[in-house]
Amino acid sequence: MGMFNNFLSLIKINKEKMTVLVVGLNNSGKSSIIQQFKRKNDTNSYISIPTVGFTHEEFYSQGVQFSVIDMSGAWKYRNLWQHQFKNCQGLIYVIDASDKMRMVVVKEELDILLQHPDLVNRSIPILFYGNKSDCDNSLSSVNIASALELTSICDKPWHICCCSAKTGDGLEEGVQWLIQQIRNLTHKKDKHKKK
């Protein structure tokens with residue numbers, strides 16, 4: 001039995017872990033996206049309620065254990081985002097693709113985020129989810145990228161994809177990209193340490 005437990009502990013040690021910060025305006029679907037990922041590992045049903053402050057969640061996707069910090073998008077809690085920047089390996093910025101009226105606010109918050117001292121000199125990958133793409137008249141990923149001027153982000157890898165937190169469409173594409181980007185950055189850091 002002891003040998004079996006040692007084997008299990010080795011497996012746990014070698015599991016790949018990634019810490020990701022999930023941000024976006026309130027009602028964009030951040031918690032619903034996280035719950036969609038968790039549903040794949042757990043058959044229990046979840047009711048998504050608005051996050052107050054932040055919550056810490058974990059889920060597995062594509063062989064990676066994600067430690068996710070789900071930040072509230074309500075105006076009075078957005079200043080809490082910055083307290084998590086140092087500890088994350090990647091960012092997921094969730095946008096309500098059906099809410100064209102608040103796209104200006106999304107851009108303002110993104111600009112503030114990108115100018116934060118803990119992120120300015122980091123090549124941290126940012127995954128943009130254009131959520132609620134299944135709604136009528138939702139913006140395409142091209143239109144969201146244009147509205148947010150994403151092509152001006154030159155110092156960080158970024159990717160945008162449309163998704164639906166309800167159906168799960170588009171979520172795997174995005175997280176697959178994020179995993180690869182975090183792996184690339186980790187590999188570069190490891191090579192740099194060896195020199």
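Modeller: The protein has six helices and six strands, where helices (H or I, at least four residues) and strands (E, at least two) are DSSP runs numbered from the N terminus. This is a predicted model, in which local features need pLDDT of at least 70, side-chain atom pairs count only at pLDDT 80 or more, and totals for chains, interfaces and linings use all residues. Residues are numbered from 1 along each chain as its sequence is written, and side-chain values use heavy atoms, with hydrogens and water left out.

Colleague: What makes the pair of Tyr93 and Phe128 tilted?

Modeller: Rings of Phe, Tyr and Trp (its six-membered ring) pair if their centres lie within 6.5 Å, and planes under 30 degrees apart count as stacked, over 60 as edge-to-face and the rest as tilted. By this rule there are four aromatic pairs. The centres of Tyr93 and Phe128 are 5.8 Å apart and their planes stand at 35°, so the pair is tilted.

Colleague: Why is the pair of Phe128 and Trp158 called edge-to-face?

Modeller: Their ring centres are 6.4 Å apart and the planes stand at 80°, so this pair is edge-to-face. Phe128 lies in strand S5 and Trp158 in strand S6 (residues 158–162), so the pair ties together parts that are 30 residues apart in sequence.

Colleague: How do you know whether Phe128 is buried or exposed?

Modeller: Buried means under 20% relative accessible area, exposed over 50%, and partly exposed in between (1.4 Å probe, protein chains only). Phe128 has a relative accessible area of 0%, so Phe128 is buried, whereas Trp158, at 25%, counts as partly exposed.

Colleague: What makes Pro117 exposed?

Modeller: Pro117, found in helix H4 (residues 117–120), has a relative accessible area of 65%, and therefore counts as exposed.
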